[in-house]
Every structure is written in C-alpha cells, then in structure tokens.
Amino acid sequence: MPKTPLPFSHQSEYLSILDENGNVDKALEPELPEEFLLKLYWYMLLGRRFDERMLNLQRQGRIGTFPPLIGQEASQLGAVAALKPSDWMAPAFREALAEIWRGKSMENTILYYAGYDEGGVIEKSRNDLPLAIPVSSQTLHAVGIAMAIKYRGQPDVAMTFFGDGATSEGDFHEALNFAGVFQVPVIFVCQNNQWAISTPLAKQTRSETIAQKAASYGFPGIQVDGNDILAVYSASLKAIERARSGEGPSLIECLTYRMGLHTTADDPTKYRDNKEVKMWESRDPISRFRTYLLNKGVLSNKKSQQYEEEIKTEIQGVVERSEELMTELGAPEDMFAHQYDELPPHLLRQREEMLDQWRLDQEEEKHG
Amino acid sequence: MAKMTMVQALNLALRQEMEKDDRVILLGEDVGVDGGVFRVSDGLIDRFGAERVIDTPLAESGIVGAAIGMAVYGLRPVCEIQFSGFTYFNFHQLESHAARLRHRSQGKYHVPMVLRAPYGGGVRALEHHSESREAYYAHTPGLKMVIPSGPRNSRALMVSAIRDPDPVIFFEPKSLYRAFREEVPEEEEILPLGVPVKVREGGDMTLVAYGAMIPPSLEAAEALKSNHGIEVEVFDLLTISPLDVTLIAESVRKTGHAVVVHEAHRSFGPGAEIMARLMEEAFFYLEAPVKRVTGYDIIYPLFARENAYMPNAKRIVRAVRETLAS
Ligand SMILES: Cc1ncc(C[n+]2csc(CCOP(=O)(O)OP(=O)(O)O)c2C)c(N)n1
Ligand SMILES: [Mg+2]
C-alpha cells in the first residue's frame with residue numbers, strides 16, 4: 001500500500017499567434033484565404049461599430065438594457081468562424097456578433113433589445129439556440145444537441161459560449177461531466193473576460209485557469225489569447241475537427257476583457273480600476289488584426305476606410321429599418337403568440353379580455 | 001425621521017440587524033463591493049467587512065445551500081439572489097432542505113435564513129427580470145413568502161424576516177425600489193409576518209393587493225371614490241404565505257364584494273387561494289363573484305408590450321365597478 005503520485009497526465013496549453021502589436025508567429029500562423037481574412041476583419045469592425053451604435057441607442061432611450069461586447073470581438077468571432085453553417089451554436093447573452101456571423105439579422109437584435117419578442121426569432125438559415133440569460137444554462141443544451149447528433153450519426157458539432165462567471169454554476173459542471181462521460185461532439189467556449197458584473201475571476205475560482213477544468217472531466221482544455229483572432233480560430237478549428245471525427249468534447253478558454261459595461265444598467269467605476277481597462281485597450285483585438293493584415297498586404301488603409309464607410313451605411317440602414325418595423329409591430333395580442341402549439345380555451349378568453357382592457361385603457365387615456 | 005426610498009430602507013434594516021446581531025451575515029452575487037446591483041447592501045461591506053458581506057461565486061444553489069448550512073450552525077444568513085428569475089437555480093435547496101430540515105430533524109435543526117430577491121415587472125427589463133412567481137414559494141410548506149409595498153413596511157418586515165426562526169422568501173417589488181420615499185424612523189420598527197394591513201377604509205368593496213400593485217390599487221380606490229362615490233377598503237397582504245384572511249373576511253362581511261389584484265399569473269396564483277378562503281370564511285356574505293385583476297397566464301412579454309400585460313388602476317376600477325354591478 002504505497003503512497004504514489006496519481007497518473008494525472010493532462011497538460012493544458014496556452015496559444016497565442018498574433019501578439020498585441022500585430023506580430024505573427026510564422027510557425028503557428030494558419031493559412032487562410034485572403035477573402036476569409038478580410039471577411040473576419042469586416043465582421044470584427046461591424047461588431048465594434050454595431051455595439052457602439054447600440055450603446056448610443058440605449059442612451060437615447062430607443063432600446064432597453066443590453067450587454068455590450070466591446071473587446072470580445074475576436075474571442076467570439078474566431079470561434080464561430082470555424083463552424084459550418086450546419087453546425088449548432090448555443091450562445092449566452094454577450095455573443096451578438098457571433099449570432100450575426102451565423103446569420104442573425106441586426107434588425108432582429110435591435111428589436112429584441114427594444115423589447116419586441118419578435119426579435120428572438122431564429123432565422124431559417126441557422127441552427128442556433130436563442131440567447132440564454134440564465135447563466136450557464138445553455139451549456140447543457142449544447143451537450144444534449146451533441147448527444148442527439150451522435151445518436152443520429154450526423155457529422156455536425158455543437159458549440160456553446162459562456163462567461164468566466166458561468167463556470168461557477170452547477171449547470172456548467174453537469175454539462176462538462178455529461179460531455180466527458182458521453183464523449184459527444186461539443187465545444188465549450190469560455191469568454192473569460194475577467195469579470196462577472198463586479199466579481200473578478202479571482203473570486204470566481206481558485207483554479208489558475210479555466211482551461212484546466214476540462215482535465216477533471218476527462219477531455220482537453222486549451223487557453224488562448226482571446227484577443228488574437230488567429231489563435232481563437234485555430235484552436236476552435238482543431239476542437240471542431242476533433243469533435244467531428246468522434247474524439248469527443250473540448251474546452252477553449254479565450255482570455256479576453258470586458259472593455260465596456262456589464263450591461264447598460266451597470267457602473268463599473270464602482271468596482272474596477274480604470275488602469276486595468278487602459279491596459280487591455282492596448283491589447284485590442286481589432287487593431288492588432290488590422291496591423292497584421294496591413295503588414296501582410298491583404299488590407300490597405302484605403303480599404304479599411306472603405307469598410308468603415310460601408311459598415312456605417314449598413315448600420316444606419318439597419319437602425320432605420322428596425323425602427324420602422326417597430327411601428328408595425330407591437331399589437332398587444334401578439335403577446336399570446338408562441339405560448340403553446342395550440343392556445344388552450346382559457347388563454348383564448350384571456351386574449352380577448354386583454355384586448356378589451358387594452359382598448360378601454362387607450363380610450364380612457366384619450367378622453368381623460 | 002428620514003425620507004427614504006425602499007432601497008435605503010432595506011439597507012437600514014440590514015445594517016441595524018447586523019449591528020445588533022453578529023449572527024446576521026449577507027451573501028450573494030455582487031452584494032459586497034458593488035453593494036448589490038440595486039444597491040440594497042451599499043456600503044455594508046465597508047462597515048462589516050468581507051467576512052460578513054460575502055461576494056460569492058456565481059452560483060445560486062451554492063448561495064442557498066451554503067446559507068442553509070450556516071443557519072443550521074446558528075447563523076442568520078440573508079441571501080440575495082440577484083433577480084427572482086434566477087431563484088430556480090436554487091429551488092431544490094429551498095424545497096428539499098430549507099423548507100424541510102426542521103421537520104426532517106424532528107425539531108433539532110431549523111433554518112432561520114432569508115432569501116431576498118427583486119421581483120416583478122414594469123422596469124423595461126430583459127427576459128427573466130420581470131416575473132412574479134411568488135406562488136411557487138407560497139405553495140411550498142415550510143417556507144414563508146413576504147412582499148413589502150413601500151419603504152417603511154419593507155424595513156419593518158425585513159427585520160421580522162431576519163429574526164424569524166424559519167426560512168423567509170422576501171420578494172422586493174423592484175419597480176418600487178426608487179418610486180417614492182417615505183418617512184422611516186431610525187428607531188426599531190417591526191411588522192409581524194402573516195398579518196395583512198388595511199391601508200384604506202371603505203364600506204362598498206374589499207380590494208386585496210400586495211407589492212407593486214398597491215399604488216395602482218390605491219389610485220383606483222381614489223378614482224372610484226371621486227368619480228363614482230364608491231368606497232373601497234384596501235388590504236395590503238404583506239405576507240403571501242402563511243396567508244391569514246381573517247381581517248379580509250371580516251371586511252367582506254361588511255362590503256359583500258371583493259376584488260383581488262396581483263401581477264402574478266392568474267391560474268393557481270395567490271388570488272385563487274384568497275378567493276377560496278373567502279368562500280370558506282365569508283361565502284354567505286358575498287353578493288357577487290370575486291374578481292381577479294392579474295397578469296395573464298402567458299410568458300411575461302418583453303417590455304414593448306408590458307403595459308398591456310400589467311394590471312393598472314384603470315383595470316382595477318373596471319373590475320370593481322363590474323363586480324358591484326353584477
Ligand atoms: C443564473 C443567473 N444568475 C445571475 C444572473 C445575473 N447575471 C447576469 S450576467 C451575470 C454575470 C455573468 O458573468 P460571466 O459568466 O463572466 O459573463 P459576462 O457577463 O462576463 O459575459 C450575472 C450574475 C443570471 N443572468 N443568471
Ligand atoms: Mg465574465
């Protein structure tokens with residue numbers, strides 16, 4: 001009965017390909033077609049500008065509370081960009097850009113945050129779940145989808161996003177454990193943006209990394225520089241290929257930073273030092289990718305400027321169209337839509353009652 | 001006396017109970033450094049330290065499960081769950097243990113904990129941030145379910161909840177957090193759990209409401225008086241469970257009519273229980289069926305439609321008039 005070290009063999013890696021100045025590690029650099037690189041850049045820029053515009057709309061009271069994603073463009077886009085359209089994606093709530101890449105219309109994003117349930121619609125083109133606000137709950141759904149994929153023998157994978165805070169929930173543990181036990185094609189992508197509202201990572205876990213948690217469930221975890229889109233993309237592609245070939249789940253921890261507010265209802269000056277924010281500003285995911293593309297000769301300043309113009313026009317159009325849509329939507333009885341396959345009799349009656357009450361409210365307001 | 005918002009009044013209750021009793025400790029997500037996302041525990045970490053005002057990892061089951069352990073050991077934990085819509089993550093700890101340990105241990109242990117959570121609609125919030133699902137908790141034997149309606153009673157009820165030897169679910173109507181101020185005395189004030197209060201006298205109609213439905217109920221009562229000469233007696237339930245309708249039944253024996261108002265869904269909601277109790281205790285005095293003005297039995301809509309969903313003073317006025325006319 002000896003006392004011996006356990007054969008605990010897992011080793012987690014850290015991956016960075018593009019440093020914060022845009023210098024690339026030639027040995028690790030993925031070979032990607034120019035159009036694809038430019039498309040990534042275009043979407044990153046779109047994500048940034050759209051986020052800025054949303055913040056603006058919120059401040060003007062034209063939409064409600066929303067969670068900005070500024071700073072996390074690479075860590076979400078890099079991951080979904082490695083998926084095929086037929087794959088599945090289960091986001092948390094800070095993945096607006098990942099959703100847009102997957103085919104969500106920005107009009108719907110605006111409608112959703114302006115308080116219209118219609119904005120939650122999942123476009124026919126994509127196999128994604130709607131955003132999930134209850135933290136970490138969606139990770140289990142991705143596991144279930146992956147279990148069904150395996151059962152049906154399909155070549156697809158499921159990818160799910162969640163934050164650093166989410167790793168504290170029981171659902172997260174259960175999801176990783178199921179994934180490990182059943183060896184299903186799921187990729188867990190942690191957006192480790194260092195904060196869960198006011199709670200810093202150090203108060204969330206004593207683990208040195210989130211990546212290493214995968215080891216205790218029996219599958220690989222990798223930590224990547226989440227502000228390096230090449231690293232996120234490469235790690236994701238590898239995990240996806242692994243899952244697709246039947247080798248089971250993986251966890252990718254994207255080290256990034258929540259540059260903005262938790263949501264527009266939050267005041268980060270209450271709990272974090274602006275110096276930290278400044279430090280992360282210098283690690284911006286977009287500017288380093290731009291430098292890389294410029295150095296590579298794929299992008300020119302002129303083209304970059306042209307992208308800015310295109311995106312500005314596109315977003316302006318989106319805002320106008322969504323506000324026009326709002327004038328057509330909003331019939332109160334539509335709140336009874338999509339409750340059940342068939343509305344039971346008491347709800348049919350309640351819908352009538354609601355309409356009567358609503359009309360009377362309107363009339364009384366008019367006539368004082 | 002200082003004029004306070006509900007947020008400030010709750011903060012006062014927590015501070016004073018912590019000063020008086022070192023068994024009282026707070027735990028929850030963002031309750032310490034941030035002072036809670038609504039600032040109910042603002043400044044308490046500076047005053048009492050991080051051992052007593054605990055910023056926990058993001059895990060509701062962890063918060064409530066750990067609070068149960070603390071309570072069994074002799075502390076008086078006050079948990080904050082950031083929004084009532086996330087209490088489902090800890091539901092099994094409440095149902096399986098907080099509510100049952102006294103019974104299961106045959107009286108050896110009890111669970112004097114409070115679970116605070118903002119609930120209710122009307123604040124243009126995201127999904128899961130507007131529901132009123134107090135019925136889940138009221139339906140669970142072993143739990144108490146309390147809902148204040150203003151700064152002063154929220155403070156007095158919170159003190160009682162903390163001192164109560166049994167687990168209390170304390171839902172705070174978030175739309176009233178900063179809606180108005182009231183005088184709140186610095187010296188101790190408590191309201192007993194389990195007793196509704198009459199907040200307006202009247203002989204024609206008994207109106208029962210609680211939480212954020214109190215302001216529109218009072219507004220309706222005022223309008224009914226000035227526009228129609230109808231005198232409405234208004235009761236503020238304050239405690240949903242254990243429910244005591246003694247005073248309300250007494251009022252119904254006088255008025256012969258009752259209307260119940262809540263944001264919660266209608267079916268199987270608190271109103272259903274109140275109506276049933278009135279049937280048991282005042283059936284022969286009722287001159288018309290009791291009406292309910294409630295949220296509809298559907299998923300709470302996102303905020304573009306929430307005005308059409310939420311009960312308001314106009315709907316209450318109509319319900320009272322219809323009940324009296326029938
Ligand atoms: C189960 C649950 N508890 C609490 C909340 C309130 N809440 C929303 S986001 C959040 C922090 C999430 O942190 P993290 O997982 O790191 O994601 P991030 O916000 O940083 O993207 C909290 C506590 C929630 N939405 N769901
Ligand atoms: Mg985070």
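# Briefing: a shared ligand site, aromatic pairs and selected residues

Thr294(B) is buried, with a relative accessible area of 0% (buried means under 20% relative accessible area, exposed over 50% and partly exposed in between, with a 1.4 Å probe and protein chains only). The model is predicted: local features need pLDDT of at least 70, side-chain atom pairs count only at pLDDT 80 or more, and totals for chains, interfaces and linings use all residues. Residues are numbered from 1 along each chain as its sequence is written, chains are lettered from A and ligands numbered from 1 in the order in which they are written, and side-chain values use heavy atoms, with hydrogens and water left out.

**Around Thr294(B)**

- Thr294(B) belongs to strand 14 of chain B, residues 291-295 (helices, H or I with at least four residues, and strands, E with at least two, are DSSP runs numbered from the N terminus).
- Its side chain makes a polar contact of 3.0 Å with the side chain of Arg266(B). A polar contact is a pair of N or O atoms within 3.5 Å; within protein, one must be able to donate a hydrogen and the other to accept it, and residues adjacent in sequence count only if both atoms are side-chain atoms.

**Ligand 1**

- Residues from chains A and B surround ligand 1, so the site is shared between chains.
- There are 21 residues around ligand 1, and those that come nearest are Arg94(A), Asp164(A), Gly165(A), Trp195(A) and Glu60(B) (a residue is near a molecule or strand if one of its heavy atoms lies within 4 Å of it).
- The shell around ligand 1 is made up of 11 nonpolar, 5 polar and 5 charged residues. Here Ala, Val, Leu, Ile, Met, Phe, Trp, Tyr, Cys and Pro count as nonpolar, Asp, Glu, Lys and Arg as charged, and the others, Gly among them, as polar.
- On the chain A side, an N or O atom in the side chain of Arg94(A) is 2.7 Å from an oxygen atom of ligand 1, and a backbone N or O atom of Ile133(A) is 2.9 Å from a nitrogen atom of the ligand.
- From chain B, an N or O atom in the side chain of Glu60(B) is 2.4 Å from a nitrogen atom of ligand 1.
- On its own, ligand 1 has 570 Å² of accessible area, and the protein covers 96% of that area (Shrake-Rupley method with a 1.4 Å probe; for residues, only the protein chains shown count as cover).

**Aromatic pairs and charges over rings**

- Over all chains, a search of the whole structure finds 28 aromatic pairs. Rings of Phe, Tyr and Trp (its six-membered ring) pair if their centres lie within 6.5 Å; planes under 30 degrees apart count as stacked, over 60 as edge-to-face and the rest as tilted.
- The ring centres of Tyr257(A) and Trp280(A) are 5.2 Å apart and the planes are at 10°, so this pair is stacked.
- This pair links distant parts of the chain, 23 residues apart: Tyr257(A) is in the loop between strand 8 (250-255) and helix 8 (274-281) of chain A, and Trp280(A) is in helix 8.
- Tyr257(A) is buried at 1% relative accessibility, and Trp280(A) is buried at 10%.
- In chain B, Tyr119(B) and Phe171(B) are stacked, with 5.5 Å centre to centre and 25° between the planes.
- Tyr119(B) is in strand 5 (residues 114-119) and Phe171(B) in strand 7 (residues 168-173), 52 residues apart.
- Tyr119(B) is buried with a relative accessible area of 2%, and Phe171(B) is buried at 1%.
- One aromatic cluster is formed by Tyr88(B), Phe91(B), Tyr119(B), Tyr136(B), Tyr137(B) and Phe171(B).
- The charged end of Arg283(A) sits over the ring of Trp280(A), 4.4 Å from the ring centre (NZ of Lys or CZ of Arg within 6 Å of the ring centre and within 35 degrees of the ring normal).
- Arg253(B) lies over the face of Tyr285(B), 5.9 Å from the ring centre.

**Backbone features**

- Ser241(B) and Pro242(B) are joined by a cis peptide bond with omega of about 0°. Pro242(B) is in the loop between strand 12 (239-241) and helix 9 (246-255) of chain B.
- Ile197(A), a residue other than glycine, has a positive phi near 50°. Ile197(A) is in the loop between strand 5 (195-196) and strand 6 (199-200) of chain A, and is buried with a relative accessible area of 10%.
- Arg124(B) is not a glycine, yet has a positive phi of about 55°. Arg124(B) is in the loop between strand 5 and helix 6 (134-138) of chain B, and is partly exposed at 40% relative accessible area.
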